[in-house]
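Take a look at the fold below. This briefing covers its sheet and its helices.

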Amino acid sequence: MTVQQLSVFIENKAGTLLKVLELLKEAKIQLIASTIADTVEYGIYRIISEPMRAYNTLKEANISVALSDVFALTLDNQVGRAADAIKIFSDAKIGITYMYSFLLGDKGILIFRTDNPDRAREVIILNNLSFVADKDLSSLI
């Protein structure tokens with residue numbers, strides 16, 4: 001139902017993102033998905049990958065990184081499926097803090113964080129939503 005995501009805090013200056021990517025490359029860590037959100041001074045680079053290996057690699061290099069659980073839904077690769085899924089959470093009065101998506105094989109994967117993870121788990125079960133867990137992703141690496 002959830003996967004571990006790395007959040008890497010990087011300064012908004014040339015070379016800092018490259019340093020992170022090169023460290024992961026040298027450790028032969030495959031990225032499954034990533035997104036970056038920025039502010040004026042720093043960015044948050046979110047990564048779905050091999051969470052513990054990537055975390056340890058970055059920590060050893062004194063990179064500021066955190067692990068967190070995020071929800072990962074599996075969706076049919078059809079127009080509007082993300083809207084359908086998010087509507088279920090909206091109807092349950094669950095706010096989405098952030099979200100991103102990617103394709104994995106013939107399925108869409110919707111990654112998101114909510115303001116009420118316990119209720120989100122209930123909604124996923126009650127609505128029989130298909131989800132991905134860490135073990136599912138790691139088998140694809």
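What follows describes the sheet, then the helices.

This is a predicted model: local features need pLDDT of at least 70, side-chain atom pairs count only at pLDDT 80 or more, and totals for chains, interfaces and linings use all residues. Residues are numbered from 1 along each chain as its sequence is written, and side-chain values use heavy atoms, with hydrogens and water left out. Helices (H or I, at least four residues) and strands (E, at least two) are DSSP runs, numbered from the N terminus.

**The sheet**

- An open sheet is formed by 6 strands, in the order β2-β3-β1-β4-β6-β5.
- Its pairing is antiparallel; two strands pair if DSSP finds at least two bridges between them.
- β2 (33-38) and β5 are the edge strands, and each pairs on one side only.
- From one strand to the next, the twist averages 30°.

**Strand partners**

- β1 (residues 2-11) pairs with β4 over 7 bridges, in the antiparallel sense. V3 has V70 in β4 as its bridge partner.
- β4 (residues 65-76) is joined to β6 by 6 bridges, and the two run antiparallel. Here A72 stands opposite I111 of β6.
- β5 (residues 96-104) also runs antiparallel to β6, with 8 bridges joining them. L104 has K107 in β6 as its bridge partner.
- β5 and β6 form a hairpin with 2 residues between them. In the turn, G105 has a positive phi of about 65°.

**The helices**

- Two packed helices are described by the angle between their axes and the distance between the axes.
- Helix α1 (residues 16-26) and helix α2 (residues 51-60) have axes that come within 10 Å and cross at roughly 125°. Axes are lines fitted to C-alpha atoms, for helices over the stretch in contact, and angles run from 0 to 180 degrees between N-to-C directions.
- α1 and α2 are therefore oblique to each other. Angles under 35 degrees count as roughly parallel, over 145 as roughly antiparallel, 65 to 115 as roughly perpendicular and the rest as oblique.
- V20, L23 and L24 of α1 make the contact with A54, T57 and L58 of α2. Contact means heavy atoms within 4.5 Å.
- Helix α3 (residues 81-91) lies across β4, β5 and β6. This helix runs at about 115° to β4.
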